[in-house]
2 protein chains.
Amino acid sequence: MANKTYERLVEHIQKIADLQHATAVLHWDKEVNLPPRSVEGRSRQIATLDGMAHQLFVSSKTRNLLKELADNFAQLEEAEKRNVSLLHRDFERSDKLDEAFVMRKSRLISEGYHAWLQARKENDFTLFAPALEALVGIKKEEAERVGYQEHPYDALLDEFEPGYRSSKLDILFADVRKQLVDFAAAIRDKEQVDDRFLHQHYPDQKQWDFGLDILQRIGYDFDYGRQDRSPHPFTITFNSRDVRVTTIVDEDNLANMIWSCIHEGGHALYEQGLPFEQYGLPLGSAVSLGIHESQSRLWENNVGRSRIFWESHLDLLKEYFPQQLEAVDLDPFFKGINKVFPSPIRIESDELHYHFHIMVRYEIEKALIEGSLSVEDIPSVWNEKYKDYLGLDIESDNQGCLQDIHWAHGSIGYFPTYSLGSFYAAQFFAQAEKDLPQLNQQMASGDTSALLKWLRENIHQYGRKYEADDLCERITGEPLNFQYFMDYAKKKYGDIYGL
Amino acid sequence: MANKTYERLVEHIQKIADLQHATAVLHWDKEVNLPPRSVEGRSRQIATLDGMAHQLFVSSKTRNLLKELADNFAQLEEAEKRNVSLLHRDFERSDKLDEAFVMRKSRLISEGYHAWLQARKENDFTLFAPALEALVGIKKEEAERVGYQEHPYDALLDEFEPGYRSSKLDILFADVRKQLVDFAAAIRDKEQVDDRFLHQHYPDQKQWDFGLDILQRIGYDFDYGRQDRSPHPFTITFNSRDVRVTTIVDEDNLANMIWSCIHEGGHALYEQGLPFEQYGLPLGSAVSLGIHESQSRLWENNVGRSRIFWESHLDLLKEYFPQQLEAVDLDPFFKGINKVFPSPIRIESDELHYHFHIMVRYEIEKALIEGSLSVEDIPSVWNEKYKDYLGLDIESDNQGCLQDIHWAHGSIGYFPTYSLGSFYAAQFFAQAEKDLPQLNQQMASGDTSALLKWLRENIHQYGRKYEADDLCERITGEPLNFQYFMDYAKKKYGDIYGL
């Protein structure tokens with residue numbers, strides 16, 4: 001028989017979820033539909049709903065319900081126990097940050113964002129430095145308040161990747177440094193592949209139609225979602241039965257649309273696969289940003305940039321663009337879409353150099369938080385590391401340490417989850433290939449439904465039932481291991497670049 | 001110096017407004033964007049936010065702030081006094097309906113809606129009758145709780161048209177019966193005008209583009225709004241700087257798009273003209289549904305179906321549809337768009353017969369509330385009145401008393417505001433013509449900006465500063481008077497039908 005207190009907790013938490021998801025609708029509408037000069041009213045509505053959701057969550061009502069359930073924990077069913085435990089953990093974290101702290105941080109973020117905009121405009125990091133200094137200061141304070149066992153950075157990382165630690169990241173990135181830096185450098189010495197076919201004129205409407213087509217083919221359910229346009233593609237969830245994606249169409253670059261559709265589609269497949277009956281609860285939510293990113297990158301790279309996927313889909317693409325792609329065969333297509341070329345800009349990076357971008361940011365933010373690096377030294381350290389890892393000379397702050405919005409938003413500990421995503425993706429995909437002997441054959445015929453089913457069964461259906469590393473171990477028999485990504489990279493790019 | 005308590009009230013009320021307008025975004029998105037099967041999650045989000053806004057408004061916080069301000073009323077500035085008084089009035093009304101009553105009503109409405117859908121499906125009023133009986137019962141109870149001076153119907157009317165009374169409606173509709181019934185009958189005896197040019201093939205995209213064009217020309221500001229598509233056109237406000245309209249395009253009927261755009265545009269011009277600095281407060285809100293409808297109908301009918309408006313705009317329309325309208329001159333165009341033809345369906349009605357539809361509903365709902373008519377007798381009374389006023393035989397319940405959703409939604413006292421809107425519109429427009437000697441000349445050249453300025457200055461800028469009838473008297477020197485509508489109708493339709 002259902003526990004009454006648990007039912008009251010669920011009702012309370014789902015009410016908060018309604019507020020949070022209403023806020024998500026306000027954000028989505030802001031990015032997709034907002035009239036040119038309507039931002040002021042929308043910002044205050046978002047701020048109000050954010051504040052109300054936060055207040056409701058850190059309320060004595062939440063505290064008392066959780067306390068009562070903790071006192072009678074043994075009476076709960078397994079799924080209920082997990083929800084209560086995780087809500088307790090989330091509550092404890094929020095509870096350590098009182099309202100005065102939250103407001104102070106919120107003000108610093110607002111100031112940091114504006115300083116960053118100004119610095120970007122002037123291409124001058126020193127204009128951002130004082131605000132960033134203050135943000136680093138409050139993030140250090142946050143780490144102390146939240147608490148940690150090994151390193152203050154862990155307290156910040158925990159917000160995005162619960163349970164992960166910098167000691168584990170250090171091991172991963174040591175591997176990246178040891179193996180990937182040399183491999184990428186070797187590729188840079190090889191003859192470059194030709195991707196000019198991607199940069200012809202591809203009409204907007206045809207691109208749009210192909211994007212919808214490919215989303216549907218990988219299993220995105222348009223009964224419970226839709227695709228719109230926005231300057232920066234994103235996925236957003238109002239509940240697992242209303243998960244929306246956006247894309248961007250550049251008529252002179254087919255790649256933007258295709259892989260943003262598949263990437264966001266991967267995120268959306270995860271969200272659509274979460275159990276609707278656990279709406280708003282931990283068991284209805286994604287494990288971590290790293291696991292979320294593993295889903296988008298698995299579809300984008302392991303599937304969407306594989307030769308086998310395009311064995312059938314290139315013909316489909318040619319139906320949309322017969323003239324542009326008439327002379328392009330599978331082999332040059334596959335090579336062109338996997339061109340490796342170092343860029344100073346993270347979001348323009350190929351999937352190998354990408355991890356150096358993340359490593360630079362990780363090393364810098366960890367040093368900032370432990371106090372071994374001062375904010376004013378960021379540009380010189382940044383540029384030095386780009387030279388070391390990517391062989392690039394950074395010519396200006398806008399091309400360097402001012403390029404990302406994350407730090408200005410107070411998000412320190414976020415960047416590593418991008419790399420974790422790729423590494424988890426490689427490990428999961430390797431396991432899927434083992435578990436599904438027919439997978440390659442199915443994918444060659446354009447059918448990815450068995451892969452989706454595998455992801456649903458092994459990952460999506462559980463929500464936050466398992467921690468990221470436990471989930472990984474459960475599925476693949478071992479915790480996250482960089483070797484899977486390296487094997488994937490060596491096989492694929494060794495083939496493409498003849499290494 | 002600003003009053004601290006007043007500032008706290010404003011902050012509190014605007015926070016509630018943020019919730020209400022977030023709910024409006026959820027509704028808008030539901031009508032315009034919702035994926036086919038996402039309604040369940042959306043409905044619960046709307047219900048949660050609705051409930052929270054209601055609870056916050058009827059809270060002891062509102063009561064205490066209003067009490068404190070009432071005790072120090074003399075210290076407030078004029079605008080503050082008006083906001084406080086109206087909030088007090090709104091609060092009192094809500095306060096008389098306790099939570100148990102609101103939930104009971106909400107359940108009856110939900111049941112009523114489903115019974116109505118079923119009855120519509122079976123084309124059988126008796127399937128709706130028991131639910132309607134219950135709804136009428138709770139509306140009677142609501143009237144008793146809210147209180148009234150003359151007639152219980154007034155307590156219900158007050159929700160939509162504050163301060164109006166059925167005794168005033170009786171006078172208006174007596175005039176309608178006395179003058180308009182015979183006039184419409186006389187038109188029906190005349191030779192019919194030709195509107196076949198409206199029912200050619202008009203391509204969707206061209207219609208869409210013309211709709212945007214005409215909205216812009218009448219002054220709708222796309223910096224603070226947008227138009228989308230929805231099955232039933234509507235206007236919705238997120239704040240006066242984000243006011244959105246929707247329209248419907250029927251490729252075989254040009255009229256739907258044109259006059260829904262102008263009608264919703266009229267509503268939107270009102271909302272965009274409300275003072276942004278009074279966001280969420282009475283002085284930033286519309287006076288009443290009747291005054292709101294006066295704005296939409298003034299633009300739709302007094303402007304948008306006038307000969308003078310089309311003197312310049314017909315050429316514009318012909319630029320969009322040169323083939324379809326090549327042979328249509330201004331005179332037949334003007335006649336065709338003003339065809340008078342009785343229909344059993346209210347929303348398909350011309351602007352004369354329309355008021356008989358409203359009169360039937362008003363007479364029936366007033367009789368239901370005072371207890372002089374029982375629900376089971378509605379169909380026979382309905383059909384009898386349609387014969388009397390419109391000369392029509394009603395062939396089925398779906399063509400008769402089941403056609404509107406309003407009663408199923410528990411909205412009794414709503415219908416009369418449609419007629420009030422038309423009558424106010426005629427009276428306002430007559431005054432604008434007096435105040436603006438150049439108006440006809442300007443409109444003939446396609447320029448309606450002076451009219452909009454007049455509406456902004458006389459109506460929009462004030463929000464709820466004046467009650468509807470006070471506003472009318474202030475502008476036109478007398479309270480609402482049906483004669484203005486009748487004069488307008490006689491002049492226009494006398495001309496068209498040679499009477």
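Residues are numbered from 1 along each chain as its sequence is written, and chains are lettered from A and ligands numbered from 1 in the order in which they are written. Because the model is predicted, local features need pLDDT of at least 70 and side-chain atom pairs count only at pLDDT 80 or more, whereas totals for chains, interfaces and linings use all residues.

In chain A, the domain assignment gives domain 1 (4-95) and domain 2 (124-499); such bounds come from an automatic or database domain assignment. The C-alpha centres of domain 1 of chain A and domain 2 of chain A are 28 Å apart. Contact between the two involves 17 residues of domain 1 of chain A and 16 residues of domain 2 of chain A, two residues being in contact if their C-beta atoms, placed from the backbone, lie within 7 Å. On the side of domain 1 of chain A that touches domain 2 of chain A, the elements giving two or more residues are helix 1 (4-32) and helix 4 (78-95) of chain A. Helices (H or I, at least four residues) and strands (E, at least two) are DSSP runs, numbered from the N terminus. Helix 1 of chain A provides the largest share of that side, with 11 residues.

Between the chains, 29 residues of chain A are in contact with 29 residues of chain B. Helix 1, helix 2 (39-57) and strand 2 (235-239) of chain A are the elements that give two or more residues to the side of chain A that touches chain B. The residues on this side of chain A divide into 10 nonpolar, eight polar and 11 charged.

Chain A contains an open sheet of three strands in the order 1-3-2, with mixed pairing; two strands pair if DSSP finds at least two bridges between them. Strand 1 (227-229) and strand 2 of chain A each have a single partner strand and stand at the edges, so one side of each is left without a neighbour in the sheet. Axes are lines fitted to C-alpha atoms, for helices over the stretch in contact, and angles run from 0 to 180 degrees between N-to-C directions. Strand 2 of chain A pairs with strand 3 (residues 242-247) of chain A in the antiparallel sense over four bridges, and a hairpin joins these strands through two residues. Within the pair, T235(A) stands opposite V245(A), and I236(A) stands opposite R244(A). Helix 1 of chain A packs on the sheet and touches strand 1, strand 2 and strand 3 of chain A, its direction making about 145° with that of strand 2 of chain A. Strand 2 of chain A is mostly covered, five of its five residues being buried. A residue is buried if 20 or more other C-beta atoms lie within 10 Å of its own, exposed if 12 or fewer, and partly exposed in between, with C-beta atoms placed from the backbone.

In chain B, three strands form an open sheet in the order 1-3-2, with mixed pairing. Strand 2 (235-239) of chain B runs antiparallel to strand 3 (residues 242-247) of chain B, and four bridges join them. T237(B) stands opposite V243(B) in strand 3 of chain B. Helix 10 (residues 254-273) of chain B lies across strand 2 and strand 3 of chain B, running at about 165° to strand 3 of chain B.

The largest nonpolar core has 103 residues, and those with the most contacts inside it are F128(B), M359(B), F423(B) and Y424(B). A nonpolar core is a set of buried Ala, Val, Leu, Ile, Met, Phe, Trp, Tyr and Cys residues joined through C-beta atoms within 7 Å. Leaving aside neighbours within four places in sequence, F128(B) is in contact with A115(B), W116(B), A119(B) and L402(B). Another core, of 101 residues, lies apart from the largest one and includes V243(A), A268(A), Y389(A) and A408(A).

Conventions: Ala, Val, Leu, Ile, Met, Phe, Trp, Tyr, Cys and Pro count as nonpolar, Asp, Glu, Lys and Arg as charged, and the others, Gly among them, as polar.
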